Every structure is written in C-alpha cells, then in structure tokens.
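Here are a few notes to read alongside the model, written for someone who will want to check each one on screen. Please open the structure and go through the points in order.

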Amino acid sequence: MKIVRILIIFMACLVLIPLSLLLMVLLFNRRIPLVMARTMWGPWVLWASGIQTKVTGYDNVESDQSYIYVSNHMSFLDIPVLFKVLPVNIHFVAKKEVMYMPFIGWFMWATGMIFIDRKNREKAIVSLERAGRLIKNGKNVLVFPEGTRSTDGQVGNLKKGAFKLAASGDIGIVPIAISGTDRILPAKSSRITPGDVRVTIGNPVFTKGQEDITFFMEEVRQSMVALKEKGDALLLKEK
C-alpha cells in the first residue's frame with residue numbers, strides 16, 4: 001500500500017504539474033497553475049496520502065486583502081495541505097535548493113515563487129524585495145519562518161526575513177499552525193501513515209509602527225504556538 005500511495009503522488013506531480021505549466025504557456029496566464037495546485041494537485045496528493053483536513057479560522061482569511069502567511073513546517077505534506085485549505089492563491093518563499101527539485105521546483109520557478117539564498121545576504125534581500133512587490137500587486141505570500149522542517153513537532157525559532165518585509169510595508173502577518181503532518185510523513189522519511197490534519201488560522205498581526213521587530217516576531221511566534229496547541233488538542237479529542 002505504501003508503494004501505491006507513493007506512485008499516486010508521483011503521478012500527481014508527473015501529470016498535473018506539466019499540464020498546468022503547459023496551460024499557463026498556451027493561455028498566457030500565470031494564475032492557472034496556482035488554481036490547479038489548490039483545486040487539483042493539493043487535494044490529489046492528500047487523497048493519495050489518506051489525509052483528511054479540517055480547518056479552524058477561515059474567517060481570518062480575507063480574499064480582498066494581501067497578507068504574509070506564516071506557518072510552522074514539519075513535513076513535505078505541509079505544502080499540498082496549505083495549497084488545498086487556503087482559499088486564496090499563494091506564492092511560497094522557499095530556500096533556493098527547492099528550485100532544483102524535479103516537478104515542484106520547476107512549478108515554483110515557472111509560477112514566480114520566491115527563492116531565498118540563505119548563504120548570501122544581498123541576494124536574500126533582493127528576493128524579499130521581490131516578495132514585497134508581489135504583495136503590493138495584490139498577491140499573497142507564504143513563508144515557513146522556521147527555515148527548515150521541525151523534527152520534534154514544536155514551533156522553533158523564527159527567522160527575521162518575513163517580519164522585516166512586513167514592517168517595511170506595514171503588511172499584516174497571518175499566523176498558521178499545522179497539526180498532524182509530522183505523524184503522517186515525518187521530516188527525512190518516505191513512510192506515509194494516513195491520518196487527520198488540523199490547520200488553525202489566527203488573526204492578522206501588524207507591526208503597529210514598531211521599529212524593533214523582536215517583539216513583533218515573538219508575538220507572532222506565541223500566536224503560532226497557541227494555534228498549534230489548539231490544533232493538537234482538537235486532533236487528540238477527535239481520535
């Protein structure tokens with residue numbers, strides 16, 4: 001069964017990603033792959049993985065506003081989960097190494113996702129400035145501010161990039177916590193164990209003119225921790 005699930009996920013990437021990029025080229029519309037990722041690729045991957053998603057906090061997502069969404073990160077499955085559950089098109093900010101991954105990297109590059117070179121500060125700043133332009137043009141950006149996948153399920157320390165971007169443009173940050181993906185497909189593992197996933201979306205947080213983003217970062221992190229605890233509790237209650 002494990003091999004079957006992996007094959008179905010591979011086929012989802014093999015078929016849907018090239019198809020979405022082909023349609024993008026033929027119709028001159030970059031939104032098409034993003035819509036297909038939300039409505040087809042994400043749901044297909046989650047179905048193949050045996051995942052049922054439940055969401056709390058949909059009312060905190062305003063489709064007519066542009067935000068920086070920040071989420072904890074525990075598994076490869078976090079990406080299709082967020083594509084599926086968020087009712088807006090999102091542009092991910094990812095480390096540059098993702099760009100070289102087959103299918104996923106090609107998709108992200110072609111659709112204008114943002115890649116960060118964490119070893120080159122000047123290039124990282126340029127990438128964040130590009131993310132800022134996307135937001136000014138009405139796009140939504142999603143960042144995993146921990147910088148890497150958590151191996152213990154806890155929300156780790158956050159990196160400053162997304163918060164500097166928010167402060168520079170007075171952009172709201174919407175905190176998100178995912179619960180359950182680490183048990184279904186842990187980091188550095190290829191073993192899929194079907195299960196439920198909870199996504200908890202918090203209220204937007206603003207810098208409120210603060211020059212020092214340290215307090216702002218901690219406020220968002222504490223919100224993510226509280227949302228994660230709420231999601232974990234709901235998952236445990238539903239077992």
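Predicted model: local features only at pLDDT ≥ 70, side-chain atom pairs only at ≥ 80, totals over all residues.

1. Let us begin with helix α5, which runs over residues 121-136 and has 16 residues. From its first C-alpha to its last it reaches 23 Å, close to the 22 Å expected at 1.5 Å a residue. Its buried residues are Ala124, Ser127, Ala131, Gly132, Leu134 and Ile135. They cover an arc of only 155° around the axis, which puts them on the same side of α5. The other side of α5 has Glu122, Lys123 and Lys136, which are exposed.

2. What do the buried residues of α5 pack against? Their partners are the strands β2 (68-71), β3 (90-95), β4 (114-116) and β5 (140-143), together with helix α6 (161-169). After α5 comes glycine 138, with a positive phi near 90°.

3. Histidine 91 belongs to strand β3, one of the elements that the buried residues of α5 pack against. With a relative accessible area of 6%, histidine 91 is buried. Setting aside residues up to four places away in sequence, histidine 91 touches Leu34, Thr111, Gly112, Met113, Leu134, Lys139, Asn140, Val141 and Leu142. Among these contacts, Leu134 is also one of the buried residues of α5.

4. Helices α2 (31-48) and α5 are the elements that give two or more residues to its lining. By type, the lining of the second largest pocket has 3 nonpolar, 8 polar and 4 charged residues.

5. The largest cavity has a volume of about 120 Å³. Its lining has 14 residues, and Ile17, Ala37, Trp41, Phe83 and Phe107 lie nearest the centre. At least two lining residues come from each of α1, α2, α3 (78-85) and α4 (104-110), with α2 giving the most, 4 residues. The lining of this cavity divides into 13 nonpolar residues, 1 polar and no charged.

6. Helix α8 covers residues 213-238. At 1.5 Å a residue its 26 residues should span 38 Å, and the end C-alpha atoms are 37 Å apart, which agrees. Among the buried residues of α8 are Ile213, Phe216, Met217, Val220, Arg221, Met224 and Lys228. What covers the buried residues of α8 includes β2, α6, β6 (173-179), α7 (181-184) and β7 (195-201).

7. Apart from neighbours within four places in sequence, lysine 228 is in contact with Asn72, Met74, Gly153, Val155, Ala177, Ile178 and Ser179.

8. Phenylalanine 28 is worth a look for its backbone: it has a positive phi of about 55° although it is not a glycine. Phenylalanine 28 sits in the loop between α1 (2-27) and α2. At 79% relative accessibility, phenylalanine 28 counts as exposed.

9. Glycine 57, in the loop between β1 (51-56) and β2, counts as buried at 14% relative accessibility. Between glycine 57 and lysine 139 there are 20 Å in space, C-alpha to C-alpha, and they are 82 residues apart in sequence. Threonine 151, in the loop between β5 and α6, is exposed, with a relative accessible area of 70%. The C-alpha atoms of threonine 151 and isoleucine 125 are separated by 28 Å, with the two residues 26 apart along the chain.

Technical notes
Residues numbered from 1 in each chain as written. Heavy atoms only, no water. Expected span 1.5 Å × (residues − 1). Buried < 20%, exposed > 50% of the residue type's maximum accessible area, 1.4 Å probe, protein only. Arc of directions from axis to C-beta. Contact = heavy atoms within 4.5 Å. Nonpolar A, V, L, I, M, F, W, Y, C, P; charged D, E, K, R; others polar. 1 Å grid on protein atoms, 1.4 Å probe; cavity = no way out; pocket = protein on both sides within 12 Å on 5 of 7 lines; lining within 4 Å. Points joined across faces, edges and corners; volume = space filled by probe spheres on them.
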